[in-house]
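Good morning, and thank you for coming. Please look at the sequence and the structure on the screen while I describe them.

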Amino acid sequence: MSTLSTSITYDETTSLVMMTLRGIASAQDVVDVYQIANGYAKTHNSSKILVDVSELEHRFAAIDIVNIMPKIAHYLTDLHIARVVGFEGYMHDLFLLKAKRFNVRAENFECFKSAKQWLCNT
């Protein structure tokens with residue numbers, strides 16, 4: 001069961017879509033969230049998404065990342081994704097590793113400021 005809270009906004013000054021995820025996420029939640037982010041980015045003609053997952057707990061096995069990535073990769077191919085991650089990083093590192101295998105331009109960051117700076121410079 002997931003108890004996921006999601007907020008998504010668009011910053012016109014930087015052309016960034018910013019999303020914050022909190023709570024507990026299932027594998028399907030991850031797929032759904034990136035689908036929503038893709039649609040929101042298209043609506044605002046943006047190619048840059050900053051996702052704060054520092055307060056997100058994954059409620060699925062690490063092996064599920066293998067199944068998730070093919071489902072979400074096509075939503076992310078035209079985007080740059082900066083992810084602010086927490087200290088419990090092995091799932092985030094695994095996500096990033098799989099994303100790069102699918103040629104998704106994504107990076108993990110420890111703080112919002114460096115994530116935003118990376119996106120603004122891409």
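I begin with His-92, which is buried, its relative accessible area being 2%. Buried here means under 20% relative accessible area, exposed means over 50%, and partly exposed lies in between, with a 1.4 Å probe and protein chains only. Before I continue, please note that this is a predicted model, in which local features need pLDDT of at least 70 and side-chain atom pairs count only at pLDDT 80 or more, while totals for chains, interfaces and linings use all residues. Residues are numbered from 1 along each chain as its sequence is written, and side-chain values use heavy atoms, with hydrogens and water left out.

His-92 belongs to helix H3, residues 90-101. Helices (H or I, at least four residues) and strands (E, at least two) are DSSP runs, numbered from the N terminus. Which residues does His-92 touch, not counting residues up to four places away in sequence? They are Val-53, His-58, Arg-83, Val-85, Gly-86 and Asn-108. Contact means heavy atoms within 4.5 Å.

Let us turn to the sheet. Its 5 strands form an open sheet with mixed pairing, in the order E1-E2-E3-E4-E5. Strand E1 (3-11) and strand E5 (105-109) stand at the edges with a single partner strand each, so one side of each has no neighbour in the sheet. From one strand to the next, the twist averages 15°. Two strands pair if DSSP finds at least two bridges between them. Strands of a sheet pair through backbone hydrogen bonds, either parallel or antiparallel. E1 and strand E2 (residues 16-25) run antiparallel and are joined by 9 bridges. Asp-11, for example, has Leu-16 in E2 as its bridge partner.

Helix H1 lies across E1, E2, strand E3 (48-58) and strand E4 (80-84), and runs at about 165° to E2. Axes are lines fitted to C-alpha atoms, for helices over the stretch in contact, and angles run from 0 to 180 degrees between N-to-C directions.

Not counting residues up to four places away in sequence, Val-31 touches Ile-68, Lys-71 and Ile-72.

Asn-38 is also found in H1. Is Asn-38 buried or exposed? Asn-38 is buried, with a relative accessible area of 11%. A polar atom of the Asn-38 side chain lies 2.5 Å from the backbone oxygen of Tyr-75.

Terms used:
A polar contact is a pair of N or O atoms within 3.5 Å; within protein, one must be able to donate a hydrogen and the other to accept it, and residues adjacent in sequence count only if both atoms are side-chain atoms.
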